[in-house]
Amino acid sequence: MGALAYVEWLEKAVQRKLADDSIGLPVALRAELNLISDHGLLISSLARIASAAERWFASKPLTVYAQGGAELEYVSLLIKFSGGQTALLSSEVVRGDGGPGAEGPNVLLLVVGNHGTMEFRDNPGADGRAADMEPAGGAETQKLARAIEESLRLGRATTLD
Amino acid sequence: MPDKPRFGVLLVTGGMTHQEDYGLGFQADPRCKVIGVTDERGVDRRRAALNRRLAEQMQVPLFPDLDDALRRPDVHLASVCSEFERRARLGRRCAEAGKHVYMDKPLATTMEDANQLAQAVRRRGVRSQMFTQVGAPFARRAKQIVDSGVLGELKAIHCDLLFAKGRPGSAPLGKPRKEHYPPKQFTFPDAKREIWTTTVYSLTLIRWLTGRRDFRSVYATSANYFFEEHYRRDVEDFGAMALTLDGGMTATITAGRIGWQSHRSSGPNFTRLFGSQGSVLIDGHTPRFEVASDQPPWTPPPRDPDDPMSFWSSTGKKAGRRPKLDWYKPETVPTRSDQAMFLDSIEQGKESEVTVADGATATEAMLAAYQSAATGEVVSLPLAG
């Protein structure tokens, strides 16, 4: 078996759990997705998780406001969705393999529903699991990545079609 | 024989406010004597009765006129927990009377009120403090890490503070909330603006961690996700903010009230610090023991018609609200009450860790958040006008 495509696995895992309705309807998401040491992949990584949020919420992103930038080694997003949902997403470069100041790949997801919350924390790769951290993504992800880049360039929220 | 208390404390506004907790905090400190409960003349009958009730519970006198009480020479400091719209005005009267002021959060509902209070404190040379969480163990841990330099230069801070209170699931979903600016009303019996009452903790934490860096811009959104009460009052139960600070630093915040059973403890509390040399996630609920047993599961308290969202300690006590026991968090750093920290600052003749000037800065960022949520624009600080 090859390396796990981590973000794809994560998207499906959340989707399956949401389907059992234990937290009601998902309304907000906080995600910290710190998987890669290449700052050039920060935006695509965030665009990929934003695309997953679109499916978790069953709602289209309306606006994206981005802060930071690849050269600063982190990017943060505040996204509003057409159904009223909110996502705050961030990604930063991974510098080490453990301990304060030298964390390895790490993930925090807090999915807030109108009847409960779902929290997920992981250190992918820490227990020997082979994981492919580089996100794949289709046209939606690319569109979101362009919106993030535009927001970073203009310093304001970008509206998606 | 213990020393005679050095500080006489006047409690301004009583029951069904956080004075129920702050008053006890001062009363528990051997440096203090609570002189009495007071309020301005002309408060309504309900407020007058609640003031009397706290005075009786604490077994201290009730003074019906704030100005008379402030003339007492045995009053050295005032703890002000009046309703949001009255708070800064009464705090200012206390400061102008030469008393140190301990303020509930948030400080004021307008920048004019906040600035006038800060000016009165400065002009009279009294000490001030606004209640926050900077004394909490998670905040102390964060400060130690930042000050150690292990993270290098801070670039970004992410804060999540969501309170597990209330009975959720009654707010209609499906479309974005329409926010209004400026916000008009703040005090309701069954709803609190959550950008107002919760982001204030994260905003003050961020400034405290960064050596009082000022906020330069705010982008925000507000929502109604959980409670019919908030929806009916047209105030948000959830908010998210993205801020820039002096020096190019950024911060993000989520804040809200999410429901009694939406967390195994008091609610998610995360602080992530990202610096030029490294980063760390501080979970306000770690280290912890996670306990599973055949004890009956925790259940929310019954709904109190006088306090449907269970804002206040007295109604929680009356309803038999039980603590959640699934997570046990042993003390990691010595805790010191916020009231004791204020007394320390007075005794030591130094500025408190969160002054009313800091509270005014947080007020400005929160007002900017409402403006941003209403317009969809990034709002620059300081606010115009």
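Author: A helix here is a DSSP run of H or I with at least four residues, a strand is a run of E with at least two, and both are numbered from the N terminus.

Reader: How do you know how far to trust the predicted chain B, and what is its average pLDDT?

Author: pLDDT is the predictor's own confidence per residue, running from 0 to 100. Chain B averages 96 on that scale, and 99% of its residues reach at least 70. For the complex, the predictor gives an ipTM of 0.95 and a pTM of 0.97. A word of caution applies anyway: where pLDDT is low, the predicted coordinates should not be read in detail.

Reader: How many helices and strands does chain B have, and how does its radius of gyration relate to the globule rule?

Author: Chain B holds twelve helices and 15 strands. For 385 residues the globule rule gives 21 Å, and the radius of gyration of chain B is 21 Å, close to that value, so chain B is as compact as a globular protein of that length. Its C-alpha atoms fill a box of roughly 50 × 50 × 45 Å along the principal axes. Of the contacts in chain B with a separation of 6 or more, 77% are between residues 24 or more positions apart.

Reader: And what does the radius of gyration say about chain A?

Author: A compact globule of 161 residues would have a radius near 15 Å; chain A has 15 Å, so the two agree. Chain A is built from three helices and nine strands, in the order β-α-β-α-β-β-β-β-β-β-α-β along the sequence. The box around its C-alpha atoms is roughly 40 × 40 × 30 Å.

Reader: Is Met16(B) buried or exposed, and how do you know?

Author: Count the neighbours: the cut-off for buried is 20 or more other C-beta atoms within 10 Å. Met16(B) has 24, so Met16(B) is buried. You will find Met16(B) in the loop between strand S1 (7–12) and helix H1 (19–27) of chain B. Met16(B) also has a positive phi of about 55° although it is not a glycine.

Reader: What makes Ala58(A) partly exposed?

Author: Exposed means 12 or fewer such neighbours, buried means 20 or more, and partly exposed is in between. Ala58(A) has 13, so Ala58(A) lands in that middle class. Ala58(A) lies in the loop between helix H2 (42–57) and S3 of chain A, and it has a positive phi of about 50° without being a glycine.

Reader: Why are H4(B) and H5(B) called roughly parallel?

Author: The label needs an angle under 35 degrees. Helix H4 (residues 84–96) and helix H5 (residues 111–124) of chain B pack at about 10°, with axes 9 Å apart, and therefore H4(B) and H5(B) count as roughly parallel. Among the residues that meet are Ala88(B) and Arg92(B) from H4(B), and Leu117(B) and Val121(B) from H5(B). By class, this contact has six nonpolar, two polar and five charged residues.

Reader: How would you describe the direction of H5(B) relative to H12(B), and why?

Author: Here the cut-off is over 145 degrees, for roughly antiparallel. H5(B) and helix H12 (residues 356–375) of chain B cross at roughly 170°, their axes coming within 9 Å, and therefore the pair is roughly antiparallel. Residues that meet include Ala114(B) and Ala118(B) in H5(B), and Ala360(B) and Leu367(B) in H12(B). This contact counts nine nonpolar, three polar and one charged residues.

Reader: How many residues of chain A are in contact with chain B?

Author: There are 37 residues of chain A in contact with 43 residues of chain B. Elements that each supply at least two residues to chain A's side include strand S2 (26–34) and strand S7 (116–122). That side of chain A divides into 14 nonpolar, 15 polar and eight charged residues.

Key: Residues are numbered from 1 along each chain as its sequence is written. Chains are lettered from A and ligands numbered from 1 in the order in which they are written. This is a predicted model: local features need pLDDT of at least 70, side-chain atom pairs count only at pLDDT 80 or more; totals for chains, interfaces and linings use all residues. The radius of gyration is taken over C-alpha atoms; the globule rule is 2.2 Å times the number of residues to the power 0.38. Two residues are in contact if their C-beta atoms, placed from the backbone, lie within 7 Å. Ala, Val, Leu, Ile, Met, Phe, Trp, Tyr, Cys and Pro count as nonpolar, Asp, Glu, Lys and Arg as charged, and the others, Gly among them, as polar. Axes are lines fitted to C-alpha atoms, for helices over the stretch in contact, and angles run from 0 to 180 degrees between N-to-C directions. Angles under 35 degrees count as roughly parallel, over 145 as roughly antiparallel, 65 to 115 as roughly perpendicular and the rest as oblique.
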